[in-house]
Amino acid sequence: MRKNKLKERLKKGEVMLGALIAECRSPNIAQLFATAGFDWLFIDSEHSSFSIETIASLVVSCRAADIASIFRVPGKECLYWVTRYLDSGVQSLLVPHVETKQEVIKIIEAAKYYPLGKRGMALELAHSDFQVFKKASEIVRDANQETFIGIQIESVEAAEKIDELISIEGVDLAFIGPWDLSQSLGIPGEVKNPKLTEIIRKAVKACQNYDVVSGIAVGNDIDMAKMWIEEGVKMILVSSDVGLILEAGTMYTKKLGKLLGRK
């Protein structure tokens, strides 16, 4: 079974820059972002219309382009799909809106084989590179070692309980969603509000105490990215396929529009 590129680099302490994919279905999108210099792709299913076939295709294209990937499941209520996602080749999973210890336990049970979990066994599939002659015990061991599990911290309740949530064996990442977290705090969209900054800072510190990776979405705000990198955050989600296309497209149409006398 191949090594998990994301997990391997994060263990070395690297800061990794990623972009979210929610609209572009072409497998070539992975190579485009790899060529642009990104380290990983955030393949989203919470806010996209991607099918499991599209997800599997994108994951394979990430491997071919030598760019790491993490896949966000549609919701914490969809854990019955986790086995299908993992069997299709996904190595890194992110579950949104996690708030309780029991939810974390269920996530680990769904994503890990014995002795950590209860993941259904179908071993001769894409996740094992179709290694039909390998021992089941070896595939189970390797899968548990290489599967990377993240939970998303998106509410005040989750932030207040973060020590409890990330203390569960098998949790590798706490990814902070500042926009949902700001809404939970009663200040929707104020992602630089000092109250929110303090909550995030405490969450990042908790991750460091438990040797769990922390990640955060910063949009296209370079100053915000710089601040959290200096605080010790290792996974920085910079922008998205939609954001980058609109940002670059708008810049060019405005400049050329002026030449044409457009307002």
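Modeller: Before we start, a word on terms: two strands count as paired if DSSP finds at least two bridges between them. Helices (H or I, at least four residues) and strands (E, at least two) are DSSP runs, numbered from the N terminus.

Colleague: Thanks! What kind of model is this, and how are the residues numbered?

Modeller: This is a predicted model, where local features need pLDDT of at least 70 and side-chain atom pairs count only at pLDDT 80 or more, while totals for chains, interfaces and linings use all residues. Residues are numbered from 1 along each chain as its sequence is written, and side-chain values use heavy atoms, with hydrogens and water left out.

Colleague: How many helices and strands does the protein have?

Modeller: Its secondary structure comes to twelve helices and eight strands.

Colleague: And what is the radius of gyration?

Modeller: The protein has 19 Å, which agrees with the value near 18 Å that a compact globule of 263 residues would have. That radius is taken over C-alpha atoms, and the globule rule is 2.2 Å times the number of residues to the power 0.38. Along the principal axes, the C-alpha atoms fill a box of roughly 70 × 40 × 35 Å.

Colleague: What percentage of the residues count as buried?

Modeller: Of the 263 residues, 51% do. Buried means under 20% relative accessible area, exposed means over 50%, and partly exposed is in between (1.4 Å probe, protein chains only).

Colleague: On to the strands. Which strand does β1 pair with, and in which sense?

Modeller: Strand β1 (residues 16–21) pairs with β2 in the parallel sense, over four bridges. Right-handed here means that, with the strands pointing away from the viewer, the path from the first strand over the helix to the second runs clockwise.

Colleague: What comes on from β2?

Modeller: β2 also pairs with strand β3 (residues 68–72), in the parallel sense over five bridges. Ile 43 has Phe 71 as its bridge partner in β3, and Leu 41 has Ser 69. Helix α3 (residues 52–65) carries the chain across from β2 to β3 in a right-handed β-α-β crossover. Then β3 pairs with strand β4 (residues 92–95) in the parallel sense over two bridges, and β3, helix α4 (residues 82–87) and β4 make a right-handed β-α-β unit.

Colleague: Why is β2 described as largely enclosed?

Modeller: Five of the five residues of β2 (residues 40–44) are buried, so the rest of the structure largely encloses that strand. In a regular strand the side chains alternate between the two faces of the sheet. For β2, Trp 40, Phe 42 and Asp 44 point one way and Leu 41 and Ile 43 the other way, and all are buried. In β3 both faces are covered: Ala 68, Ile 70 and Arg 72 are on one side, with Ser 69 and Phe 71 on the other, all buried.

Colleague: Last topic, the surface. Which residues form a nonpolar patch?

Modeller: Met 251, Tyr 252, Leu 256, Leu 259 and Leu 260 do, with about 590 Å² of accessible area together. Patches are made of residues with over 30% relative accessible area and no salt bridge; like charges are joined within 9 Å, and nonpolar side chains (Val, Leu, Ile, Met, Phe, Trp, Tyr) within 5 Å. Accessible areas come from the Shrake-Rupley method with a 1.4 Å probe; for residues, only the protein chains shown count as cover.

Colleague: Where is Leu 256 found?

Modeller: In helix α12 (residues 241–259).

Definitions and conventions
Salt bridge = Lys/Arg side-chain N within 4 Å of Asp/Glu carboxyl O.
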